[in-house]
Amino acid sequence: MTRISLRLFLVLAVGVLTACSSDGYKSTTSSVTGQLSDETLLRHASGGALKFSSARMITGNDAAFRSKLALINDAKTSIDAMYYIYSDDYSSSVLSEALLAAAQRGVKVRLLIDYHTNYKNLDFFTMLEKKGSLGRGSLQVRFYNRPTLEIVKDAVYLTMGCGKEAAPSNTGCGAAKIAEIERLFAGETLDGTPAAALNISNLNIGNSGLFLSGLYAKNAALMAHAVQSGQGIDPNSLMKGGASATPDDTENLKKSRGSIGHRGPAALFRG
């Protein structure tokens, strides 16, 4: 049986430059058509050249969508689909139905999507995998741009308190927290491979998972709750003029501010 493999790629559309362009492309445009030369496209393209035996340019959204559905419906062996945004809308629903039908008739379906954009739909993709594995084929969903090891560590740092374990009397809170975090993550392995070598982690320590859920769900209140409860901060007792604030409360607030300044939210977006 002939193997049919579907690969969906984002297409970079390149416009025609005007005669008054000053962005550096003018010298490499055709004097006849005004279009970019092959040399310029290869030099400035975000990806390498694609090797294929034949191709067809599709410029209309409806025509492109019909083409995707046709490829899915004609697939006999496997489908490898890559998507950035997979929304809760009509077109995504139609696409999902086509992928499920393919899996149920015996096709091996693999869907790769962006973690940040699609985090809020994790339950949907769990359902999609479950339904897609009820037939003769299979359906697997994988995510790219998942939190790196450093991002997970930063989330633990922001939600870890400065208690006796984290802040011995002979060290500062921040340094002690970093040492404790390195100890907790040191032995993690994933399928026999050190997590540090893969730059990922599946550890959920304290409120770190809750904080990351708030981050990727864009829920600032949840992030604040994860930090406050993890570090034992009572914002009501620390309000200016609050009568219930104790010296220990004030000291904990100072430590938490110093902690965030040393390894703070800006680090969450590295990698």
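Biologist: In which hand does α2 pass α3, left-handed or right-handed?

Modeller: The crossing of α2 past α3 is left-handed; a crossing has that hand if the near helix is turned anticlockwise from the far one by less than a right angle, and is right-handed if clockwise. This is a predicted model, in which local features need pLDDT of at least 70 and side-chain atom pairs count only at pLDDT 80 or more, while totals for chains, interfaces and linings use all residues. Residues are numbered from 1 along each chain as its sequence is written, and side-chain values use heavy atoms, with hydrogens and water left out.

Biologist: Which residues make that contact?

Modeller: From α2 they are Phe65, Leu69, Ile72 and Asn73, and from α3 they are Ser91, Val94, Leu95, Ala98, Leu99 and Ala102. Contact means heavy atoms within 4.5 Å.

Biologist: And by class?

Modeller: The contact of α2 with α3 has eight nonpolar, two polar and no charged residues. Here Ala, Val, Leu, Ile, Met, Phe, Trp, Tyr, Cys and Pro count as nonpolar, Asp, Glu, Lys and Arg as charged, and the others, Gly among them, as polar.

Biologist: At what angle do the axes of α2 and α3 cross?

Modeller: The axes of α2 (residues 61–74) and α3 (residues 90–104) cross at roughly 15 degrees and come within 9 Å. Axes are lines fitted to C-alpha atoms, for helices over the stretch in contact, and angles run from 0 to 180 degrees between N-to-C directions. Helices (H or I, at least four residues) and strands (E, at least two) are DSSP runs, numbered from the N terminus. The two helices are therefore roughly parallel to each other; angles under 35 degrees count as such, over 145 as roughly antiparallel, 65 to 115 as roughly perpendicular and the rest as oblique.

Biologist: What about α6 and α9: at what angle do they pack?

Modeller: Helix α6 (residues 149–158) and helix α9 (residues 208–216) pack at about 115 degrees, with axes 8 Å apart, and are therefore roughly perpendicular to each other. Their contact involves Ile151, Val152, Ala155, Val156 and Leu158 of α6, with Ser208, Phe211, Leu212 and Tyr216 of α9.

Biologist: How does α9 pack with α10?

Modeller: The angle between α9 and α10 (residues 220–231) is about 160 degrees, and their axes lie 7 Å apart. That makes α9 roughly antiparallel to α10. Their crossing is left-handed.

Biologist: Changing topic, how many salt bridges does the structure hold?

Modeller: There are five, each a side-chain nitrogen of Lys or Arg within 4 Å of a carboxyl oxygen of Asp or Glu. One of them joins glutamate 129 and arginine 142, at 3.4 Å from N to O. Glutamate 129 lies in α5 (residues 122–132) and arginine 142 in β3 (residues 138–144), so the pair ties together parts 13 residues apart in sequence.

Biologist: Finally, what pLDDT does the protein average?

Modeller: The average is 77, and 71% of the residues score at least 70; pLDDT is the predictor's confidence in each residue, from 0 to 100. Residues 165–170 have a pLDDT below 50, and this stretch has nine contacts beyond near neighbours in sequence in the model.
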